[in-house]
Amino acid sequence: EQEEEEEEVVVVGRKDQEQQRLFSNLDAETLEHRPGSVVGSISLVAGTTVGAGILALPAVTEAAGYAPSSAVIVGCWAYSCVTGLLLAEVNLRLMCELGRGGVSMLSMANSTFGAPGRYTAGATYVFLHYALLVAYLARGGELVAQMAEVSPGLASVAFCGLLGTTVYVADSASLDRVNTALVFGVVASFFGILLVAFANFDPHNLAHSDASAVASCVPVVALSFVYHNIVPTICSSLEGDRRKIAVSIAAGTSIPLVMFLLWNAAILGYSLDGAEQVGEAVDPLRALQEDPGVGSYITAFSLLAVATSFIGFVLGLVDFLSDALGLPTNSKNAVPFSLALLPPTAFAVVYPDAFLSALEYAGTYGVLALFGVLPAAMAWRTRSEGSSEGDKRNFGRMVPGGTAFLALVGGSSLVVIIQQTLINLGATQQ
């Protein structure tokens, strides 16, 4: 009888333990267990986040000044963590219901809002990804063209060919190692830039403050914190382990947060000889590129940052397209890879500046709608459908708070979207 009681205690203890992985990732041929790593997932989140957005960050924060724009950066970081965790919560629930990994944004929108949600999310998702991939290919091609002295079009094709082939050929573990190495390169070159920038640092330049210019920063800063497209990939790679997923998102976005704040201070505080920085329309990167000691760092940082973001967005779009076509994810099918890479490459070659003017629209209508309003709406819908006590135990919340909190999350993005729409229509003054 005593042995039976001890055995029962052990079983209860197991039930009380936090749920770990939902399934196991196995190699199709060897049946070897190949789970994704937390370090690799953190690197993927950080690498996807630190992209072309950081290169444009000083240009949009300069008008507001250091203190107001830094508050926007911190706020957007916290918001991106919340919305990313909400996406993970919905994704994990669907993986449990469907009995498989690789559940994309398309499946989540369709499951929660049916065909209208599926088509709206699908169109927004594809537009956002193609726009950003064109920007990354154009910027990467420009950097490669400067180094290799070839045409930007040819350089864009080479840039896409090298990275696209790497993503297609490499398995999950190898791609984790490649992306981790690239992120370390981003960090190293980033601190090289900071050393030179802070050597010419004037704290008086940070005294400028204009709270009225804060609103104009939000779309680009929000765009700079986008990693949500790879949340389904992270959930599948980490086998539905909620704790590992939460750590990957929190830690992976904290790296860009620190980098953005340091970058903001270094560039806005940079002392320009013979010129007043405050109030002038100065391109911060052009000013730094004139310094021979930092020009190579800027080139390396820009190229590596664009490369890491490119990898993350390609992975996210390939998973999305595979799901839309009814193909298994992580199968290295050439069809979704071709659909993900060929259209943006063609646009980057033929129209290198076609999407540059649309990036602000992508930040407003793509990022804030798809990764702001939608995650809150999907979480509300799934929580409403599973309101029983048993359901709550089986599908724990990744983010605390009730309906009011979800309304605040979604409503915040709606306010910015409406405000930017009025600005774009000329109804308000920016």
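Predicted model: local features only at pLDDT ≥ 70, side-chain atom pairs only at ≥ 80, totals over all residues.

Trainee: Okay. At what angle do H2 and H12 pack, then?
Mentor: About 110 degrees, with the axes 7 Å apart. H2 covers residues 38–49, and H12 covers residues 295–324.

Trainee: So what do we call that arrangement of H2 and H12?
Mentor: Angles of 65 to 115 degrees count as roughly perpendicular, so H2 and H12 are roughly perpendicular to each other.

Trainee: Is the crossing of H2 and H12 left-handed or right-handed?
Mentor: Left-handed.

Trainee: And which residues make the contact?
Mentor: From H2, you have Leu 44, Gly 47, Thr 48 and Thr 49. H12 brings in Ala 305, Thr 308, Ser 309, Gly 312, Phe 313 and Leu 315.

Trainee: Switching topic: how many residues are in the largest nonpolar core?
Mentor: There are 107. Those with the most contacts inside it are Met 105, Phe 159, Trp 263, Phe 301 and Phe 310.

Trainee: Which helix gives the most to this core?
Mentor: H12 again, with 15 residues.

Trainee: What is Phe 159 in contact with, leaving aside neighbours within four places in sequence?
Mentor: Tyr 136, Leu 137, Gly 140 and Val 144, plus Leu 303, Val 306, Ala 307 and Phe 310.

Trainee: Now H4 and H10. How do they pack?
Mentor: H4 (residues 66–98) and H10 (residues 242–268) meet at about 165 degrees, and their axes are 10 Å apart. That makes H4 roughly antiparallel to H10, and their crossing is right-handed.

Trainee: Who's in that contact?
Mentor: Quite a list, including Trp 77, Gly 84 and Leu 92 of H4 and Arg 242, Phe 260 and Asn 264 of H10. By type, the contact of H4 with H10 divides into 16 nonpolar, seven polar and one charged.

Trainee: Last one. Is Asn 91 buried or exposed?
Mentor: Buried means under 20% relative accessible area; Asn 91 has 0%, so Asn 91 is buried. Its place is in helix H4. Setting aside neighbours within four places in sequence, Asn 91 is in contact with Val 103, Met 108, Pro 232 and Cys 235.

Technical notes: Residues numbered from 1 in each chain as written. Heavy atoms only, no water. Axes fitted to C-alpha atoms, helices over the stretch in contact; angles between N-to-C directions. Helix = DSSP H or I, 4+ residues; strand = E, 2+ residues; numbered from the N terminus. Parallel < 35°, antiparallel > 145°, perpendicular 65-115°, else oblique. Left-handed = near helix turned anticlockwise from the far one by under 90°. Contact = heavy atoms within 4.5 Å. Nonpolar A, V, L, I, M, F, W, Y, C, P; charged D, E, K, R; others polar. Core = buried A, V, L, I, M, F, W, Y, C linked by side-chain atoms within 4.5 Å. Buried < 20%, exposed > 50% of the residue type's maximum accessible area, 1.4 Å probe, protein only.
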